[in-house]
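Here is a short briefing on one protein model.

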Amino acid sequence: MKSSNSQLLGTQDTHETPRSSNEAAAAARIARYVIISPVRDEEVYVAKTIESILAQTVRPAEWIIVDDGSTDKTGQIIDDYAAKYPWIRALHRTNRGFRKAGGGVVDAFNDGYRLLKSTDWEYIVKLDGDLSFDPDYFEKCFAYFESEPRLGVGGGVMCYISNGQKSFESNPAFHVRGATKIYKRECWDAIGGFWPAPGWDTMDEVKASMLGWTTRSFPDLHLLHHRYTGAAEGTWANLVKNGRANYVCGYHPIFMLVKCLRRLAVRPYLVGSAALLYGFLTGYTKRIPQVNEPETIKYLRKQQIARLTGRDSIWK
């Protein structure tokens, strides 16, 4: 996969993986991992993701691609690849007729998880179907895990390329985007899987941190995201969804207010903050259930207050 995109995705000189290339390869080759990919209407991009996996220096033991009710040719593309590679399997779900924020992805993931035949995996990966990445992506990811015994959740960072220029999503260092998350098995078992609602890809990290695991993204490992985050819903709906997810996770109201105030300086001005706050507040007015884990919410709010007062926290 040595195209112009691949070169743009390559690692930067200012960051290095924690081992020499030979040591990284030796460590990564013994890593046994499985991938589950919930996808929906990704006929334009899913082949790019599959080709990126086929090119990996360290391939998965098993890959379940869950077609979550696609209405385009996504299912056929997956079936064509599965017919060629026995370690790739397709699972087709009935079209529910709409995108179900948060919970739909988790439902699809869990269906794929139940289909796994492998039992001796060391890492499990949740991977979206609209990404491209370099052939040594997983090799380098597993080198990080090998060098940090308490690293429980990790993954690369999302980037976009426009007019030959690379740009990145802005996220806290502890947060790994839901599009590409790798879980060490012991950590996965400890957190008990995903919360089936918006905010699942924050609560997993909060709970892992509470249980003594480290979670972080790898800034030198880049994945090209072919579809801008939230493009399927639109800007307003995506920000409302994010605000609602913050409510479901149990964000401290003061922390959320500060978040919305800081967002005033980011496009779309004012509207973005209004959408976030609307999503958050309507969680209360609509009596939407929050994460049913009081200790996890208590831990999260403690971390948020620490962040606001300049003390050490998962935000650093």
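**Strand pairing and overall make-up**

Strands S1 (residues 33–39) and S2 pair in the parallel sense, with six bridges between them. The model is predicted. Its secondary structure comes to 12 helices and nine strands.

- S2 spans residues 62–68 and is mostly covered. Seven of its seven residues are buried.
- Which residues of S2 point the one way, and which the other? Glu62, Ile64, Val66 and Asp68 point one way. Trp63, Ile65 and Asp67 point the other way.
- Both sets are buried. That includes the acidic residues Glu62, Asp67 and Asp68.

**Whole-chain figures**

- The protein has 316 residues, and 52% of them count as buried.
- Take the contacts between residues at least 6 apart in sequence: 80% of these join residues at least 24 apart.

**The second largest pocket**

- The volume of the second largest pocket is about 190 Å³.
- Two elements each give two or more residues to its lining: H8 and strand S9 (214–225).
- S9 gives the most, with three residues.
- The lining of this pocket is made up of Ala173, Phe174, Glu205, Ser209, Trp213, Thr214, Thr215, Arg216, Gln303, Ser313, Ile314 and Lys316.
- How does the lining split by class, and how many residues are nonpolar, polar and charged? Four are nonpolar, five are polar and three are charged.

**Ser209, a lining residue**

- Ser209 is among the residues that line the second largest pocket. Its place is in helix H8, which covers residues 200–210.
- Is Ser209 buried or exposed? Ser209 counts as buried, because its relative accessibility is 17% and the cut-off for buried is under 20%.
- Which residues does Ser209 touch, leaving aside those up to four places away in sequence? They are Tyr299 and Ile314.
- With Tyr299, the link is also polar: a polar contact of 2.7 Å joins the side chains of Ser209 and Tyr299.
- Ile314, the other residue that Ser209 touches, also lines the second largest pocket.

**In brief**

- S2 is a buried strand that pairs in the parallel sense with S1.
- Ser209 is a buried residue of H8, with a side-chain polar contact to Tyr299 and a place in the lining of the second largest pocket.

Terms used
Residues are numbered from 1 along each chain as its sequence is written. This is a predicted model: local features need pLDDT of at least 70, side-chain atom pairs count only at pLDDT 80 or more; totals for chains, interfaces and linings use all residues. Side-chain values use heavy atoms; hydrogens and water are left out. Helices (H or I, at least four residues) and strands (E, at least two) are DSSP runs, numbered from the N terminus. Buried means under 20% relative accessible area, exposed over 50%, partly exposed in between (1.4 Å probe, protein chains only). A polar contact is a pair of N or O atoms within 3.5 Å; within protein, one must be able to donate a hydrogen and the other to accept it, and residues adjacent in sequence count only if both atoms are side-chain atoms. Contact means heavy atoms within 4.5 Å. On a 1 Å grid over the protein atoms alone, a cavity is a set of points where a 1.4 Å probe fits but cannot get out, and a pocket is an open set with protein on both sides within 12 Å along at least five of seven lines; lining residues have an atom within 4 Å of a point. Grid points are joined across faces, edges and corners, and a volume is the space filled by probe spheres set on the points. Ala, Val, Leu, Ile, Met, Phe, Trp, Tyr, Cys and Pro count as nonpolar, Asp, Glu, Lys and Arg as charged, and the others, Gly among them, as polar. Two strands pair if DSSP finds at least two bridges between them.
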